[in-house]
Amino acid sequence: MIADVTRSLGTDYYLLEELLTDEEREVRDRVRAFADREVIPIINDYWDKAQFPFELIPKVAELGIAGSTIQGYGCPGMSYVAAMLVAIEMARGDGSLNTFFGVHSGLAMGTIDICGSEEQKERWLPQMARLEKIGAWGLTEAKHGSDSVMLETSARREGDEYVLNGEKRWIGNATFADLISIWARDEADGQVKGFVVEKGAPGYSTELITGKMGKRAVWQANIYLDNVRVPVENKLEGANSFKDTNKVLTATRGGVAWEAVGHAVAAYEAALTYAKERVQFGKPIASFQIIQNKLANMLAEITAMQLICYRLAKLQEQGKMTGPMASLAKMNNARKARQVCAEARDCMGGNGVLLEYIVARHLSDMEIVYTYEGTDTVQSLIVGRDVTGIGAFV
Ligand SMILES: Cc1cc2nc3c(=O)[nH]c(=O)nc-3n(C[C@H](O)[C@H](O)[C@H](O)COP(=O)(O)OP(=O)(O)OC[C@H]3O[C@@H](n4cnc5c(N)ncnc54)[C@H](O)[C@@H]3O)c2cc1C
């Protein structure tokens, strides 16, 4: 069931390959080979047992991709198209690993890059690029998910420190992360600000969330902040209002649109292979018109998603991407990839529900992609506000 390069190229129906630079092809092939060789053979077991594959962290570090588009500070400074290819290939291998990486490299490192001072970037980014220090990113709270702008975690300045109090929910990597970006409301001016809490800070504790139906091989946790003291040097210099939080969310949202493609490609490839091999009524099911129709529909959706992703990456590179553009991509791709995974699962009949046939894992993972970094509905409301000029959700 492991997709080889030939099959992967089979999903490049409109030859996007031709638009890539040599560097972009190289990083894609590097991550693809890593996913095929190191991830796919071992990940089902981790997913089944809801264990995180710590053994893969040094191997991800060796790939030299953490920090993605960030220039300097030991980061690869790759193009946005290359970053897109990394997300697609990693999610094609496994969505949980991609989520781990997205939280660390996109959200946590991205926040320091976008909101940190020069000194803060120098202090943290090189170690994070080498994955010697792992990042987490805490915005969501139990009472504030879609309306995270109303978050209640508080920050109070006391001399050379800030004192943080509150709770966060669903925070990826939080149980073992070394550097946790926490968004909290400053009691002095009521603004949402960003702080980096370091592992071992007294008053910081976590509780693993168990029983998930998707992305089972990556861990999220509740975070409890009980009078956690953070030195003023750990207050992110440029994180001074929710607008700054939104800058990070907008910058990383495309990554969720990209990962959706990886899930869809993996499911489609598995369904195509299966349809050619599975014989019913004396013929491979791939010879039946309805199965071919399903495969064609899946490939059409994948192709449309790829084109959206490529163009979005180019717009982001040129500084022309708006928040609603990123929302439209996340909304469309998560929706479509979820459908593709469901169709692929159906093409595989009963075997489609078994982990060893991989599509069930991608389908379940897509439920998470559909919801996190802003639900499908909330993304549509952001686009709706943009096209009508009327905010329907605030
Ligand atoms: C596996 C996983 C990993 C995550 N990782 C992180 C992380 O690392 N860091 C982090 O900070 N957060 C993380 N999250 C949180 C995630 O971003 C939120 O779950 C998401 O934004 C939705 O918030 P909620 O779960 O509170 O749902 P709610 O906001 O309660 O939404 C429930 C339903 O109501 C709908 N809804 C809400 N408002 C409106 C409205 N105005 N109009 C119409 N419908 C509406 C939603 O679309 C949804 O269907 C993660 C979540 C999951 C599940």
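**View A. Packing of helix 8 against helix 9 in the predicted model.** The axes of helix 8 (residues 289-317) and helix 9 (residues 323-347) come within 10 Å and cross at roughly 155°. Angles over 145 degrees count as roughly antiparallel, so helix 8 is roughly antiparallel to helix 9. The crossing of these two helices is left-handed.

**View B. Residues at the contact of helix 8 with helix 9.** On the helix 8 side, the contact residues include Ile291, Lys294, Met298, Glu301, Ile302, Met305, Cys309 and Leu312. Among their counterparts in helix 9 are Met325, Ala329, Asn332, Asn333, Lys336, Val340, Glu343 and Cys347. By class, the residues of this contact comprise 15 nonpolar, four polar and four charged.

**View C. The kink in helix 5.** Helix 5 (residues 95-115) contains a kink of about 30°, centred on Gly102. Of its 21 residues, 21 are buried, so helix 5 is largely enclosed by the rest of the structure.

**View D. Packing of helix 5 against helix 7.** Helix 5 packs with helix 7 (residues 242-277) at an angle of about 155°, and their axes are 10 Å apart. This angle makes helix 5 roughly antiparallel to helix 7. The crossing is right-handed.

**View E. Residues at the contact of helix 5 with helix 7.**

Notes:
Residues numbered from 1 in each chain as written. Predicted model: local features only at pLDDT ≥ 70, side-chain atom pairs only at ≥ 80, totals over all residues. Bend = angle between axes of the 7 residues up to and from the residue. Helix = DSSP H or I, 4+ residues; strand = E, 2+ residues; numbered from the N terminus. Buried ≥ 20, exposed ≤ 12 C-beta atoms within 10 Å, placed from the backbone. Axes fitted to C-alpha atoms, helices over the stretch in contact; angles between N-to-C directions. Parallel < 35°, antiparallel > 145°, perpendicular 65-115°, else oblique. Left-handed = near helix turned anticlockwise from the far one by under 90°. Contact = placed C-beta atoms within 7 Å. Nonpolar A, V, L, I, M, F, W, Y, C, P; charged D, E, K, R; others polar.
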